[in-house]
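Me: I would like to learn how to read a sheet and a helix. Please take me through the terms as they come up.

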Amino acid sequence: MTRAPANLLALRSLLLTHLDNAPGPDDLDPAEVGIVGDPAHRGGYHCGSDRVVAGDYSVVESPRDRTGLTLDAAALDVGQFEVRSGGRTHTMASFSLWCVAQCAANAADTRDIREIIYSPDGSTVKRWDRLGKRSTGDSSHRWHTHFSFFRDAIKAGRDQRPLFRRYLSSIGLLEDDDMTPEEHNWLATVHKNLTVLDGRYPIGQIYTRMAEGRDDTGAPVTGNWNLQAMTKQLTALQTTLNALMGKDFTDEAAIIEGVLTGLTPEDIAAAIPPTIAKQVADELSRRLVA
C-alpha cells in the first residue's frame, strides 16, 4: 500500500509543531496536512507504485521520478491558516508565495521540489512547475497548497525540512540558530577556509569586516541583509571554485587571483546564506575579541 515516507512525516511534524496552536485566528490543524491520498486516489505524487496509472505524469515526465518510484507518496498538502508573528499576519497564501519565490530563485533547498499548486488570492489557482509543463490546477487548491517532490529525493530519504525551516524563521516562529548538523558543519568549514585568508588577501579581509558589521570602507553596515542575494552570490562563488578545481595552478597567488576574478566586494559581502548569517557574525565577533 502507498505509504507516508519518514522525510515527509518529519516535514509534516515541523509545520504542525510551529503552526498548530500558533497565535492567530486560524492555526494549522493536523487534518489539514496530508501526504497519502485517500483510498480512491489514483495517479499523481500522493500515490506510490501501487496506485500510479498508465502514463502517470508523476512518473513519466522526469527520470528523477522514474528511477525513484517506490510505494512512498511524494507530496504534501498544507491547508489554510492565519497566524500572527513578528507584528504581521501570515496565511497559507503568503506562505505559498514565499515558497514559490524561493523555487523560482532556484534556492539550494528547493531543488527536490517538482511543483507547487497554490492560490495567491483564494480564487485563482496557479502552478509553479520546475519542468515548465503546467501552470494551473483544480479548484481544490483554493483552500490548500500542494507540494510535489521528485521521487528520487523521497527514495533517498533526503531531509525536506530546510526550506520550511527558513520560512518559519523568516516569520519569527523558529529561532535562527535552529540549524541542522549539516548546516553547522558547513559553517565551520566556511569559517575555517575564509579566515585563513584574513590579513593576506582581500576575500578574507572583506569576510572579517562583514562579520564585524562593517563595509569595505570600515563604516558600520546599516539596513537589512539582502538574503536572496546572499544565497545567489554564494552559489556563484561555489561555481567559480568548482571551475578552478580542474586547473593546475603553480602558486598560491594564481589560485587567489582566479577565485577573485569577476567578484566585487559587494559580491563577497552578499555571499553568506540567510540561514547562518547571524551565526557567522556572532562567531567571528567572538573570535576577533578573544
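Reply: Two strands pair if DSSP finds at least two bridges between them. Helices (H or I, at least four residues) and strands (E, at least two) are DSSP runs, numbered from the N terminus. This is a predicted model, in which local features need pLDDT of at least 70, side-chain atom pairs count only at pLDDT 80 or more, and totals for chains, interfaces and linings use all residues. Residues are numbered from 1 along each chain as its sequence is written, and side-chain values use heavy atoms, with hydrogens and water left out.

Me: How many bridges join strand 5 to strand 7?

Reply: Strand 5 (residues 113–118) and strand 7 (residues 144–149) run antiparallel and are joined by four bridges. I113 stands opposite F149 in strand 7.

Me: In what order do the strands of the open sheet lie?

Reply: The five strands follow the order 1-2-7-5-6, with antiparallel pairing. At the edges are strand 1 (33–34) and strand 6 (126–129), each pairing on one side only.

Me: Which residues of helix 1 are buried?

Reply: Buried means under 20% relative accessible area, exposed over 50%, partly exposed in between (1.4 Å probe, protein chains only). In helix 1 the buried residues are N7, L8, L11, L14, L15, L16, H18 and L19. An α-helix has 3.6 residues a turn, so residues three or four places apart point the same way.

Me: What do the buried residues of helix 1 pack against?

Reply: Contact means heavy atoms within 4.5 Å. The buried residues of helix 1 pack against strand 1, strand 2, strand 3 (82–85), strand 7, helix 5 (151–155) and helix 6 (162–170). Just after helix 1, N21 has a positive phi of about 65 degrees.
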